[in-house]
Amino acid sequence: MGKVQESIQFYEKAYAYAPRENLIKLEYASALITAKTSINKAIGLLEQILEEDKQDINVWQQLSIAYGQKNDKANSNIALGWVALLKGDIPAAKRMAALSEKEIKSDSPANLRNKLEDLKIAIQGIEFDEA
């Protein structure tokens, strides 16, 4: 058994004992993503963290990788947009939002459109603050 697979077992136990600890969720999700197993579970853990803290760049980076592994370009680009925004790179955040918008279809789930809208509002808020 590889080191990553071994760590997943430990993170599963840690998560069972402390399911509200965001650091455990992040590390557990990162191990799942690295092992390329249970990507949906990893995404679920990362999304739980974002419900409490949208400012954690590490969570957004891991989320972009996880969605990329699923070939979900819209969600991956939204996550990359947040990474750029949190780094202060407004032009890159706008590019990622535009790329994501191209991937979203008229029949895409409402929560996907809402995620994109949240990113756009955050970009506008920073632009407004800088003006």
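Colleague: Leaving aside its neighbours within four places in sequence, which residues is N77 in contact with?

Modeller: This is a predicted model, and N77 has its place in helix α5. At 13% relative accessibility, N77 falls under the 20% limit and therefore counts as buried. With neighbours within four places in sequence left aside, the residues in contact with N77 are M96, L99 and S100.

Colleague: Is Q62 buried or exposed?

Modeller: Q62 is found in helix α4. Not counting residues up to four places away in sequence, Q62 touches L26, S30, I33 and L46. Its relative accessibility is 18%, and a residue under 20% is classed as buried, so the term for Q62 is buried.

Colleague: What should helix α2 span at 1.5 Å a residue, and how far apart are its end C-alpha atoms?

Modeller: Helix α2 covers residues 22-35, which is 14 residues. The expected span is 1.5 Å times one less than the number of residues. That gives 20 Å for α2, and the separation of its end C-alpha atoms agrees with this, at 20 Å.

Colleague: Which elements do the buried residues of α2 pack against?

Modeller: The buried residues of α2 are K25, L26, Y28, A29, S30, A31, L32 and I33. Just after this helix, K36 takes a positive phi of about 55°. The packing partners of the buried residues of α2 are α1 (3-17), α3 and α4.

Colleague: Why is T34 classed as it is, and what is its relative accessible area?

Modeller: T34 also lies in helix α2. The C-alpha atoms of T34 and E101 are separated by 28 Å, and the two residues are 67 residues apart along the chain. Exposed means over 50% relative accessible area. T34 is exposed because its value is 53%.

Colleague: Which residues have the most contacts inside the largest nonpolar core?

Modeller: This core has 37 residues. At least two of its residues come from each of α1, α2, α3, α4, α5, α6 (90-103) and α7. The residues with the most contacts inside the core are L46, W60, L63, W82, L85, L119 and I123.

Colleague: Leaving aside its neighbours within four places in sequence, which residues is W60 in contact with?

Modeller: W60 is among the residues with the most contacts inside the largest nonpolar core. W60 is also among the residues closest to the centre of the largest pocket. Leaving aside neighbours within four places in sequence, its contacts are L50, K54, A79, W82, V83 and L86.

Colleague: What separates the C-alpha atoms of L86 and K54?

Modeller: L86 has its place in helix α5 and is partly exposed, with a relative accessible area of 28%. Not counting residues up to four places away in sequence, L86 touches K54, Q55, D56, I57 and W60. L86 and K54 are 32 residues apart along the chain, and the separation of their C-alpha atoms is 9.6 Å.

Colleague: What volume does the largest pocket have?

Modeller: Of the 15 residues that line the largest pocket, E47, L50, K54, W60 and K115 are the closest to its centre. The elements giving two or more residues to this lining are α3 (39-52), α4 (57-69), α5 (73-87) and α7 (110-130). By class, the lining has seven nonpolar, three polar and five charged residues. The volume of the largest pocket is about 200 Å³.

Terms used: Residues numbered from 1 in each chain as written. Predicted model: local features only at pLDDT ≥ 70, side-chain atom pairs only at ≥ 80, totals over all residues. Heavy atoms only, no water. 1 Å grid on protein atoms, 1.4 Å probe; cavity = no way out; pocket = protein on both sides within 12 Å on 5 of 7 lines; lining within 4 Å. Points joined across faces, edges and corners; volume = space filled by probe spheres on them. Helix = DSSP H or I, 4+ residues; strand = E, 2+ residues; numbered from the N terminus. Nonpolar A, V, L, I, M, F, W, Y, C, P; charged D, E, K, R; others polar. Buried < 20%, exposed > 50% of the residue type's maximum accessible area, 1.4 Å probe, protein only. Contact = heavy atoms within 4.5 Å. Core = buried A, V, L, I, M, F, W, Y, C linked by side-chain atoms within 4.5 Å.
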